[in-house]
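I opened my notebook to look up a few things in this structure, one at a time. Come along and check each entry with me.

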Amino acid sequence: MLGWLKRWLGRDGGRTASGKDESQTAQAPAEEMPAEVKPVPSVRTAAAGGNQRDAAAFAIGQANGLAYAALLDRFFEDEQDDSLLLGHLARRISSLKGGEELASFLENEMRDANDRLAERGAAASLAVLVVCGEKLYWAALGDARVYIFRMGAVAKVTREPVYREDTWEAGRDALAAYLGVTPMGDIDLSLSPLYLLSGDAVLLISDALWRVLGDQRIASEVRAAQSLEDAVRALVRSARAEDPDGRHLAALLGYDGEG
């Protein structure tokens with residue numbers, strides 16, 4: 001792990017939020033609040049993966065000075081359309097103002113997504129990134145991963161998936177913490193922001209992709225790419241070559257700000 005990131009995580013940065021509901025959690029703004037679209041020129045985004053059925057695996061956008069990306073990876077198919085859940089999440093993020101408490105907001109949204117999935121008997125991993133100025137916030141539960149690339153180095157900022165204690169298998173079937181269950185597991189949550197530097201890139205990928213390629217190959221594919229679009233396409237293409245049936249999803253945010 002990068003030394004600066006290890007020191008940051010050891011303070012009060014990306015740490016877990018308890019799965020228990022806490023009354024002091026700040027309330028997010030009402031969904032009906034109109035969102036004024038304001039481009040975020042310092043952030044670029046790209047995503048790839050899935051098929052027509054997986055079209056709603058991502059929510060990516062910009063509004064009110066914020067840039068965001070979310071990846072939803074369901075464990076099994078059901079009759080519901082993921083665009084409903086992701087569309088709701090996108091509208092909520094788009095209604096935010098820059099001064100909102102983003103950590104508390106993301107925690108609330110993860111709880112809401114958990115309840116929505118549990119109501120329909122579904123299970124999924126969900127990871128959400130929000131960039132406000134030079135500040136990066138994230139929330140994740142399940143086995144999706146977030147990496148940051150900085151000055152040629154790469155580090156994983158999300159924690160390892162939580163597996164059941166009664167099994168030696170470190171695979172999706174052994175996951176103990178994910179969305180769609182009650183009580184909800186601990187959220188991997190950035191309680192304070194990670195400050196981005198110009199040239200940083202933040203990668204969000206599904207478990208099928210990182211399990212097939214591994215950290216070293218993921219890093220080499222991103223470094224070799226000429227653009228964000230080339231990077232995510234190369235990752236998905238390489239993963240599909242190894243595992244044609246996997247749900248390989250990748251989203252990449254590039255930061256070109258003054259941080």
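Entry one, aromatic rings. Rings of Phe, Tyr and Trp (for Trp, the six-membered ring) count as a pair if their centres lie within 6.5 Å. I looked for such pairs in this predicted model, and the structure holds zero of them.

Entry two, a charge and a ring. Which residue lies over the face of Trp210? I found Arg145 there, at 3.6 Å from the ring centre.

I traced an open sheet of five strands in the order E2-E12-E11-E7-E8, with antiparallel pairing. Strand E2 (43–49) and strand E8 (153–156) are its edges, and each pairs on one side only. I noted that neighbouring strands are turned by 15 degrees against each other on average, with direction ignored.

How many bridges join strand E7 to strand E11? I counted five between E7 (residues 145–150) and E11 (residues 201–205), and the two run antiparallel. Arg145 turned up again here: its bridge partner in E11 is Ile205.

Entry five, helices on the sheet. Helix H4 (residues 207–224) packs on the sheet and touches E7, E8, E11 and strand E12 (249–255). The direction of H4 makes about 5 degrees with that of E7. Helix H5 (residues 228–242) also packs there, touching E2, E11 and E12, and the direction of H5 makes about 20 degrees with that of E2.

I searched the whole structure and found three cavities of 30 Å³ or more.

Methods: Residues are numbered from 1 along each chain as its sequence is written. This is a predicted model: local features need pLDDT of at least 70, side-chain atom pairs count only at pLDDT 80 or more; totals for chains, interfaces and linings use all residues. Side-chain values use heavy atoms; hydrogens and water are left out. Rings of Phe, Tyr and Trp (its six-membered ring) pair if their centres lie within 6.5 Å; planes under 30 degrees apart count as stacked, over 60 as edge-to-face and the rest as tilted. A charge sits over a ring if NZ of Lys or CZ of Arg is within 6 Å of the ring centre and within 35 degrees of the ring normal. Two strands pair if DSSP finds at least two bridges between them. Helices (H or I, at least four residues) and strands (E, at least two) are DSSP runs, numbered from the N terminus. Axes are lines fitted to C-alpha atoms, for helices over the stretch in contact, and angles run from 0 to 180 degrees between N-to-C directions. Contact means heavy atoms within 4.5 Å. On a 1 Å grid over the protein atoms alone, a cavity is a set of points where a 1.4 Å probe fits but cannot get out, and a pocket is an open set with protein on both sides within 12 Å along at least five of seven lines; lining residues have an atom within 4 Å of a point. Grid points are joined across faces, edges and corners, and a volume is the space filled by probe spheres set on the points.
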